[in-house]
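Morning, everyone. Please have the sequence and the structure open while I talk. I'll go through it piece by piece.

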Amino acid sequence: MATQFITETKRTHSCGALRGSDIGKEVVLFGWVQNRRDHGTLIFIDLRDRDGLTQIVFDPDLGKEAHERAQKLRSEWVLGIRGKVRARGQQMSKKEGKVISATNDKLATGEVEVEVYEMEIFNESETPPFEISEHVKAGEELRFQHRYLDLRRPQLQQSIIKRSKMNAIVRSYMVENGFLELETPFMGKYTPGGARNFLVPSRLNPGKFYALAESPQLYKQLFMVAGFERYFQIVKCFRDEDLRLDRQPEFTQIDVEMSFVTQDDVFTIIEGLIKKLWKGVLDIDVPTPFRRLDFYESMAKYGNDKPDLRFGLEHVELTEVIKRLGPDAGVPMITEAVEQKGIVKAMVIPAQYPLSRKETDDLEVFVQGMGSKGLGRAKISETGEWTQAPLFKNAKPELRAEILKATGAKSGDLILFQFGKESLVHTVMANLRVHIAKKLKLIPEFGSGGVWNFLWVVDPPLFEFDEETNQWAAAHHAFTRPHDECVQYLETDPGKVKCYRYDVVLNGFEIGGGSIRLHKPDVQAKVFKALGIGDVEAREKFGFLLDALKFGAPPHGGLALGMDRLAMLLTNAESLRDVIPFPKTQKGTDLMTGAPGDVDEKQLRDLYVKTTAQPK
RNA sequence: GGGGAGUUAGUUCAGCUGGUUAGAACGCCGCCCUGUCACGGCGGAGGUCAGGGGUUCAAGUCCCCUACUCCUCGCCA
């Protein structure tokens, strides 16, 4: 008499659980058909659940009725089976013509199999649009349309499971350290500056809009003013900016804020958290404290504020050399660039990594793709001649000598140059450095633990000059605390003011950032003044925060870690999309649901909204 | 907003200098098979070459436009 699965017969083991020690047990497994190998009489099925694979065998001698129905089984059908665990043992192989071991070392459960005498087919499946297999690579477009199937793939599933584990580790660590998990609104008031906001029209307040929080920044500061002292939250943030492989319009932060702390106190807490995460997820001990790198040094050597320190290829600044030699240098293009306030930087590719002419040309195409006019190059020959160096054809010997001295280039080395507008030179050189490192395989593989190069980038400028508006703008936000010794420059020389802002960087990814906040109204006033923000404007934009700071705000600071990027790095994923269950495409669409979608006229009327988009 | 790559069978791709009936592998369907494990053997079905326009005696192939996907610069305090 057949048992009723689920209601009467409960699952006893997962598909990843059975071992040699379970031989002889009667078990019940539930799962999906991963694979079917039908030998006519014997039928092997790999049954899959989130925990693993178990081979189940249908043998007409042991369960005639089950075997009969097993012939129909196809990929992704959902089954419940009852049977007995047995050793795979030694079997006569027809292929080999002799008795061999039938165990499968590739499977955790490979020592055993389950002989089935009863089966219920919970559900059949249509042939899936792509195989749920590690061996077959379906395109992302198709995988996104059927994300629920894509999420069945063990690799992706394991990444999502790791994320769940990360959440648990974060919560337990933060709570242990006296942090309160507090919630903040997603729908808030639009505040200017920073990322573009998603807007939500208010039906009850015609013509008014909420802004989806780009981060809980302001609210978490208010928690400090309120006296909660230590706050954290694993929270969604929303930014309506263009996507990249490490950027999604909605993403998750581990948001942290603490009262009565210095920058060092924040670092210690975050280093401890990262240590726990790496230990818990990868069983790797991360050494602390992390290295600290001055912002300006980072820009000079690596061209950005999130350097990958797993390899060298440091940049060398040549601007001063060119300035010193003036028009006598013999390379008018470079001299001109410097005269127009540009900079000159170089990078040496050591002789042990020879690049062909074609490869170097490809590098030029690469930099041109970023807006560079070209790639200056000079190959130093055995005899010290400069070859493949049209730019330096008429360069004076002093210049060549100075460049060799500054770069330390030796015979056989290739020197690459960029010159021109500072921001472009930095962008191009920073990307070129990473591009070449990948090409030359200077970056250690993830396997065998990988190399985890954590660092804090510290002491950046509080302001940066915005050439478009011809004004100083906040480099981070207007509530970052300047170094005490820099306060004197707030009015006279804003560019000189460094601040307590910090980014935590791992292998070229900014995984988090934050600052110690300004809590003194008088200094705050000076910062607003430097930014050209008047009292009225400040009140209008940040009134509630300024008010709050007046009623006894404690010194405080914090940081936010990018949960998605952490997950991406911890799982060796190539993209954020591989650690987010339901990600969006580069145009911000969801290929499964079709979001964003149309709404009808009535909905828009209710919201007092009219679209100006032209119908297609 | 700019630059680049791509779109051919269910899937991943090949398709040369424009020229017969658009191919392969996997998957799918059928038959056979008692030790497979990405089983194997034999047979079969399956195509709006993204969409539109153009050049040509002739277009998957050349040109233009559009859509979508990806990478990237700008943007992301």
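Predicted model: local features only at pLDDT ≥ 70, side-chain atom pairs only at ≥ 80, totals over all residues.

Let's start with the barrel. Five strands form a closed barrel, in the order E1-E2-E3-E7-E4. The pairing in this barrel is mixed. On average, neighbouring strands of the sheet are turned by 55° against each other, direction ignored.

Strands of a sheet pair through backbone hydrogen bonds, either parallel or antiparallel.

Now look at one pair within the barrel. Strand E1 covers residues 26–38, and strand E2 covers residues 43–49. E1 and E2 run antiparallel and share six bridges. Which residue in E2 is the bridge partner of Trp32? The partner is Arg48.

Next, the open sheet. This sheet has five strands, ordered E15-E16-E19-E17-E18, and its pairing is antiparallel. Which strands stand at the edges? Strand E15 (315–317) and strand E18 (386–387) do. Each has a single partner strand, so one side of each is left without a neighbour in the sheet.

Strand E17, residues 376–380, pairs with E18 in the antiparallel sense, over two bridges. There, Ile380 stands opposite Trp386 in E18.

Two helices lie across strands of this sheet. Helix H9 (residues 332–339) lies across strand E16 (343–349) and strand E19 (414–420). H9 runs at about 40° to E19. Helix H11 (residues 397–407) lies across E15, E16, E17, E18 and E19. H11 runs at about 105° to E19.

Find strand E11, residues 209–212. Strand E9, residues 187–188, is joined to E11 by two bridges, and the two run antiparallel. Gly188 has Ala211 as its bridge partner in E11. Strand E10, residues 199–201, also pairs with E11 in the antiparallel sense, here over three bridges. Val200 stands opposite Tyr210 in E11.

On to helix packing. Two packed helices are described by the angle between their axes and the distance between the axes. Keep those two numbers in mind.

Helix H14 (residues 521–530) packs on helix H15 (residues 535–550) at an angle of about 165°. Their axes are 12 Å apart. Is the pair roughly parallel or roughly antiparallel? That angle makes H14 roughly antiparallel to H15, because angles over 145 degrees count that way. The crossing of H14 and H15 is right-handed. On the H14 side, Pro521, Gln524 and Phe528 make the contact. On the H15 side, we have Ala538, Phe542, Leu546 and Leu549. By class, the residues of this H14 and H15 contact are six nonpolar, one polar and no charged.

H15 has a contact with helix H5 too. Helix H5 (residues 217–226) and H15 pack at about 20°, and their axes are 10 Å apart. H5 and H15 are therefore roughly parallel to each other, because angles under 35 degrees count as roughly parallel. The crossing of H5 and H15 is left-handed. Which residues meet there? Leu218, Gln221, Leu222 and Val225 in H5 meet Phe544, Leu545, Ala548 and Leu549 in H15. The H5 and H15 contact has seven nonpolar, one polar and no charged residues.

Last topic: backbone details. Most residues other than glycine have a negative phi, and most peptide bonds are trans. Here are some exceptions.

The peptide bond from Thr288 to Pro289 is cis, with omega near -5°. Where does Pro289 lie? In the loop between helix H6 (263–282) and strand E14 (291–294).

The peptide bond from Ala595 to Pro596 is cis as well, with omega near -5°. Pro596 sits in the loop between helix H16 (563–570) and helix H17 (601–607).

Finally, Phe260. Phe260 is not a glycine, yet its phi is positive, about 55°. Phe260 is in the loop between strand E13 (250–259) and H6.

Terms used: Residues numbered from 1 in each chain as written. Chains lettered and ligands numbered in written order. Heavy atoms only, no water. Pairing = 2+ DSSP bridges. Helix = DSSP H or I, 4+ residues; strand = E, 2+ residues; numbered from the N terminus. Axes fitted to C-alpha atoms, helices over the stretch in contact; angles between N-to-C directions. Parallel < 35°, antiparallel > 145°, perpendicular 65-115°, else oblique. Left-handed = near helix turned anticlockwise from the far one by under 90°. Contact = heavy atoms within 4.5 Å. Nonpolar A, V, L, I, M, F, W, Y, C, P; charged D, E, K, R; others polar.
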